[in-house]
Amino acid sequence: MTRSLDAGSTKWVLGSLAAFFTLLAVVDVVIFDGVQQVVLAGFAGSSAAVLAIGAALVRRPRPGRRAAVLSLFCFIPVLNGLAPLFVTGELHQTSMLMLIMVGLGVAVTSTGVAVAAAATAVGGWIVAVLLRDDPHTDELTFYAIQFGLALAMGTLLRASLVRRTRQIRAMRDELVTAAERFRGIFEASPAGIGLCGPDGRFITVNPALCRLLARDQDEVVGAGVFAYAHPDDRFDGEEIARRIAAAADGVARMEVRFCRPDDDTRWVWITLTRTDAELTLVQMQDVTARYQAERATRDSERLLTAVAGVARRIRTGEDARANIVDAVRELASSDGVMLMEPATGSEELVVTASSRAHLVGTRVSLALTSMTAEVYRTGEPVFRADPAADPIVSPALLELTRARSLLWQPVIADGSVIAVLCVSWAHRLHDVGDRRARAVALLADETALALEHEQLLRHLERMAYTDTLTGLANRRAWQAQLPRLVAQARRTGAPLTVAIADLDHFKRYNDTYGHPAGDDLLQRTAAAFTEALRDSDLIARWGGEEFAMALPDCPAPDAAQVLDRVRAATPGAETCSIGYATWDRRETVEQLLSRADDALYQAKEGGRDAVREAGVILSA
């Protein structure tokens with residue numbers, strides 16, 4: 001209830017008093033009877049109504065009128081404190097008036113209003129005492145002393161509150177004076193200078209700092225020190241305090257990238273110094289020119305290191321894709337890189353490596369019109385400062401990369417495009433720049449070498465593990481995979497059956513029709529056997545006219561049906577004999593194969609064109 005209260009606070013005070021006197025009216029109804037009840041409850045209720053109306057009027061922003069209304073309302077509690085004395089004539093009703101005087105001492109800072117309210121209360125109390133028929137001297141003395149103490153307490157509280165208010169104003173004035181002195185120093189400084197609070201937000205900044213950030217003063221003041229820094233270089237108030245505390249001399253220094261509205265990135269050397277007033281002095285110096293010169297040297301070294309790393313991975317047979325993507329992202333100062341390669345058996349490019357792991361496996365159709373497809377077809381690199389404005393750029397790609405600028409770099413080997421590098425920036429670039437373009441192009445050449453080397457290794461690996469005549473796995477591949485299948489069966493507890501099939505009278509067929517016909521029969525047999533087996537089964541050319549088969553998760557009864565189907569699939573009028581054994585979970589791989597070979601021998605001896613398990617003939 002002071003002039004310093006704003007409209008919201010004043011409304012809250014008046015509303016609270018209205019609620020209090022409403023409650024007081026209810027209490028009066030309960031405590032008093034007859035005329036006293038009607039008078040006191042009615043007076044309290046009327047006071048509540050007046051205060052509620054006053055709270056509603058405060059909505060109108062008229063400070064002068066609000067102060068006058070508040071001064072008037074100060075007397076309502078006093079009158080409510082005097083009313084029980086006059087109505088009942090009982091001195092113990094002084095207690096209410098005493099509490100009201102203490103409360104007014106705290107709430108009222110206007111000396112005139114406070115004195116007037118106190119005088120009204122004292123005068124009213126004296127009149128109420130004089131109107132009593134029997135003053136009761138002892139009781140009167142007691143309540144007079146208590147009333148005086150309440151006035152003294154209210155006065156002391158008010159004096160304490162006024163003193164505290166003056167101290168706060170003095171501190172504020174000192175802060176304003178210090179700020180004005182500081183402003184006189186840094187306004188003309190060529191270096192960017194600002195002052196921020198404990199929360200890391202600018203309180204004031206000089207014109208040089210605004211020019212450095214290319215932003216208006218009203219926009220910078222209130223923003224955090226690193227609000228306009230590159231996303232990777234942002235720190236909050238706690239981090240600023242931690243860095244200052246960690247510094248030996250109490251001054252934190254760092255180099256930070258700042259993004260200007262024109263999408264230009266400036267490198268800034270920042271010095272943070274904590275002052276005695278728990279404020280932080282911020283000094284900013286533009287070091288972009290120096291950084292660019294140093295960056296050119298560092299980039300040359302990093303480019304050589306990156307190329308050497310890719311070359312090393314190529315020589316050792318490692319997958320160099322992740323190394324290439326990381327190198328492109330670093331050297332191009334980009335926010336994202338994707339390597340897209342043709343998908344086998346479809347008109348699509350698939351992301352095989354990315355700086356964002358969740359994008360690996362994403363597919364791009366070459367049948368649809370897109371910049372990625374265009375670069376893949378033409379083999380020409382493309383940069384778009386504003387890809388969203390180019391209708392050929394896929395909106396889905398922009399959504400995935402969150403890019404504001406994009407570069408597509410084809411990866412070319414032997415004159416053909418074998419992949420596309422897509423480099424994205426989260427901020428706008430006016431041009432990709434010679435440095436970035438050279439780095440990406442050079443690494444694209446290294447990518448081509450890496451992919452060609454990988455294809456060669458895969459081809460050699462296929463040759464080493466593939467039978468050249470039938471296209472099946474060869475004996476070397478069989479010997480490498482069968483132990484894995486046995487280990488898997490041991491781990492899972494699933495059954496494993498191994499079989500060896502041999503074409504009957506193959507030598508006679510070769511001698512009769514010639515070796516080319518024999519080779520053709522082997523090829524047709526390999527295709528027929530593969531078709532008859534399950535997708536999970538393994539078949540290999542064991543040697544000559546023999547074929548080895550492994551049937552995972554296949555017990556002997558099921559294996560008998562599968563292998564009989566294989567026997568019946570033998571091409572033309574030819575037949576085959578098959579022997580098989582189901583792993584007993586104890587024997588070695590060699591022992592398992594020996595039992596299957598023995599079963600084959602028994603099938604041969606029993607008349608051929610048969611499938612035999614060790615010791616039991618199943619079909620003929």
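The structure is a predicted model, in which local features need pLDDT of at least 70 and side-chain atom pairs count only at pLDDT 80 or more, whereas totals for chains, interfaces and linings use all residues. Residues are numbered from 1 along each chain as its sequence is written, and side-chain values use heavy atoms, with hydrogens and water left out.

The protein contains 20 helices and 17 strands. Helices (H or I, at least four residues) and strands (E, at least two) are DSSP runs, numbered from the N terminus. Of the 620 residues in the protein, 44% are buried; buried means under 20% relative accessible area, exposed means over 50%, and partly exposed lies in between (1.4 Å probe, protein chains only). A contact is defined by heavy atoms within 4.5 Å. Among contacts between residues at least 6 apart in sequence, 55% join residues at least 24 apart.

Strands of a sheet pair through backbone hydrogen bonds, either parallel or antiparallel. Here, two strands are taken to pair if DSSP finds at least two bridges between them. An open sheet of five strands has the order β2-β1-β5-β4-β3, and its pairing is antiparallel. Strands β2 (202–205) and β3 (251–259) form the edges, each pairing on one side only. From one strand to the next, the twist averages 25°; axes are lines fitted to C-alpha atoms, for helices over the stretch in contact, and angles run from 0 to 180 degrees between N-to-C directions. Strand β1 (residues 192–196) is joined to β2 by three antiparallel bridges, and L195 stands opposite T204 in β2. Residue C196 is buried, with a relative accessible area of 1%.

Strand β3 also holds R257. Although arginine counts as charged, R257 is buried, at a relative accessible area of 19%. Leaving aside residues up to four places away in sequence, R257 touches A229, H230, D232, D233, T265, R266 and W267.

A second open sheet comprises six strands in the order β8-β7-β6-β11-β10-β9, again with antiparallel pairing. Its edge strands are β8 (363–365) and β9 (382–384), each of which pairs on one side only. The twist in this sheet averages 25° from one strand to the next. Helix α12 (residues 321–331) packs on the sheet and touches β6, β7 and β11, with its direction at about 140° to that of β6. Helix α13 (residues 371–378) lies across β6, β7, β8, β9, β10 and β11 and runs at about 145° to β11. Strand β7 (residues 348–354) pairs with β8 over three antiparallel bridges, in which V350 has R363 as its bridge partner in β8.

Within this sheet, nine of the ten residues of strand β11 (residues 416–425) are buried, so β11 is largely enclosed by the rest of the structure. Strand β6 (residues 336–342) pairs with β11 in the antiparallel sense over five bridges, with M340 opposite V420. Strand β10 (residues 405–413) pairs with β11, also in the antiparallel sense, over nine bridges, and A413 is the bridge partner of S416. Two residues lie between the strands in the hairpin of β10 and β11, where D414 takes a positive phi near 55°.

Two packed helices are described by the angle between their axes and the distance between the axes. The axes of helix α4 (residues 75–88) and helix α6 (residues 111–130) come within 10 Å and cross at roughly 10°. That angle makes α4 roughly parallel to α6, since angles under 35 degrees count as roughly parallel, over 145 as roughly antiparallel, 65 to 115 as roughly perpendicular and the rest as oblique. In α4, the residues F75, V78, L82, L85 and F86 meet A116, A117, T120, A121, G124, W125, V127 and A128 in α6. This contact has eleven nonpolar, two polar and no charged residues; Ala, Val, Leu, Ile, Met, Phe, Trp, Tyr, Cys and Pro count as nonpolar, Asp, Glu, Lys and Arg as charged, and the others, Gly among them, as polar.

Positive phi values also occur in loops. Residue A214, with phi near 60°, lies in the loop between α8 (207–213) and α9 (217–220) and is partly exposed at 32% relative accessibility. Residue D609, with phi near 50°, is placed in the loop between α20 (589–605) and β16 (611–613) and is partly exposed, with a relative accessible area of 24%.
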